[in-house]
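Please examine the sequence and the structure before reading on.

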Amino acid sequence: MIGKYFKVNSNLVLLLLITAFTPLAYTIKSPLIIIMLLLSIILILFDKNMVFNEKCFVIYILLFSYFGVGFSFIKFYDLFMIFFLLIRIIRQDKIVSLRISIMSIMFLVVIILSFINQSNLNISTGIEIFRYFLCIATVFSFSNLTIDYDNIRKPLFIIALGLIVQGIEVCILFLKYNIQPVTSPFLTVEFYNDFHETRVSGFFSDPNKYFLFFLFLIIIMYQLDDKHKDSILLNFVGAISSLSRTVFLSIASYGITYVIEFNEHKKRKVYLKLLLIIFLSFLGYLLFKDTIIPLINDVFLKMLELLGRDRTAEINSNIQEDNRVQIWKTVINYLPLRPILGNGPLSYSSFGMQHPTHNTYLNLILDYGFAGVVTYFSLISDLFKKIPVRFVVSFILIPMFFLDLGNFRLIFLLIGILNTKGENEDERSYSYN
């Protein structure tokens, strides 16, 4: 399976080797991670099988696989995205459609008004607003690109394979040699480090973002050519290796939604059937609450034991006491305070909460109000039009329910690559039904 990806392309072999040796280089001396990244970028730039736009797309994905690496508060993938956007502006490329431009401006106006209107203006809230500007810049950077997706399929496969190897390596090096994150003005390297509950996550600061990277690669790779099932399988393996509870919910949802889509090809009807399932499930919960809750708690604990997440099981012994559920209950109490424009970015901290909402929908309402929710989902509406329901529901909407993904850049990367002149939801490259 893997051999065909290295065939007649020594650059890909070297790229995988460099990715595999990067954690070792970081263990020896942390700044060496920059050298390893530069070598990887050079290999991609000298790949004769891709044109410039394709190389830049692959480099961005590569840098995103080093999610926790950057300078101070700005990540390397954002720096490269800004560089690529400037090149496109200099080349006078037609970047985004008028509709996307208007939606972007409306969303930015709402979050700026929320920012100005909040009582707790500080550097952290300013940085959060800046992240949303980077999200919009990501849409602009990767819109209307001329890309032959078949050319980038192999490099993306190698990046995914390398990240799985790297994730295991970082985990082992942390346990054996106690390698630590780095924070300095010139280099920031974050990764998950908890002796109580070690999890595979590579150079991602959060195992949940690690598994999301693989799920989003599945969406992108499926667009390339649906005959290459090994690419999709590899990314499923990478996602599962995070041992996240959310990834198992996403995969279960994927299976259910796949069956519905297989028998019903109209997206509207698929969404209606899913809503009906959710409604009936909720009704069943209300009617048989006393029976269902103990059953859910039992499954919840068994899942944690199976995943080896004993620490989480100690802290969250049942659904009612789960940290996320407690946070959601608290957040809901604050939503009516400023329902239109919200309470401003990172407002959870101004209410004395120690942790974020762990729910994109609640976070958007709390921070930017219903105006923020409406403009945000208007901006990303192409996801619902041009991507199969099974991907949207399982890999985007469900993770949004358990994680804060409002400014997760890969969502906006997808909006960018879907915003390609001449393509619409009925064309094969963007529709898989």
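## A pair of charged side chains

In this predicted model, Arg91 and Asp93 form a salt bridge in which the closest N and O atoms are 2.7 Å apart. Side chains of opposite charge can pair when their charged atoms come close. Arg91 has a relative accessibility of 37% and therefore counts as partly exposed, since that class lies between the limits of 20% and 50%.

Are Asp93 and Arg88 buried or partly exposed? Asp93, at 25% relative accessibility, counts as partly exposed. Arg88, at 1% relative accessibility, counts as buried, because buried means under 20%.

A search of the whole structure finds nine salt bridges. One of them joins Glu190 to Lys75, with the closest N and O atoms 4.0 Å apart. Glu190 belongs to the loop between β4 (188-189) and α9 (207-224), while Lys75 belongs to strand β2 (residues 74-75), so the pair ties together parts that are 115 residues apart in sequence.

The two partners fall into separate accessibility classes: Glu190 is partly exposed, with a relative accessible area of 31%, whereas Lys75 counts as buried at 15% relative accessibility.

## The packing of two helices

Two packed helices are described by the angle between their axes and the distance between the axes. For helix α8 (residues 149-177) and helix α10 (residues 229-240), the angle is about 25 degrees and the axes are 10 Å apart. Because angles under 35 degrees count as roughly parallel, α8 is described as roughly parallel to α10. The crossing in which α8 passes α10 is left-handed.

Which residues make the contact? On α8 they are Arg153, Phe157, Ala160, Leu161 and Ile164. On α10 they are Asp230, Ser231, Leu234, Asn235 and Gly238. Sorted by class, the contact of α8 with α10 comprises five nonpolar, three polar and two charged residues.

Key. Residues are numbered from 1 along each chain as its sequence is written. This is a predicted model: local features need pLDDT of at least 70, side-chain atom pairs count only at pLDDT 80 or more; totals for chains, interfaces and linings use all residues. Side-chain values use heavy atoms; hydrogens and water are left out. Axes are lines fitted to C-alpha atoms, for helices over the stretch in contact, and angles run from 0 to 180 degrees between N-to-C directions. Helices (H or I, at least four residues) and strands (E, at least two) are DSSP runs, numbered from the N terminus. Angles under 35 degrees count as roughly parallel, over 145 as roughly antiparallel, 65 to 115 as roughly perpendicular and the rest as oblique. A crossing is left-handed if the near helix is turned anticlockwise from the far one by less than a right angle, and right-handed if clockwise. Contact means heavy atoms within 4.5 Å. Ala, Val, Leu, Ile, Met, Phe, Trp, Tyr, Cys and Pro count as nonpolar, Asp, Glu, Lys and Arg as charged, and the others, Gly among them, as polar. Buried means under 20% relative accessible area, exposed over 50%, partly exposed in between (1.4 Å probe, protein chains only).
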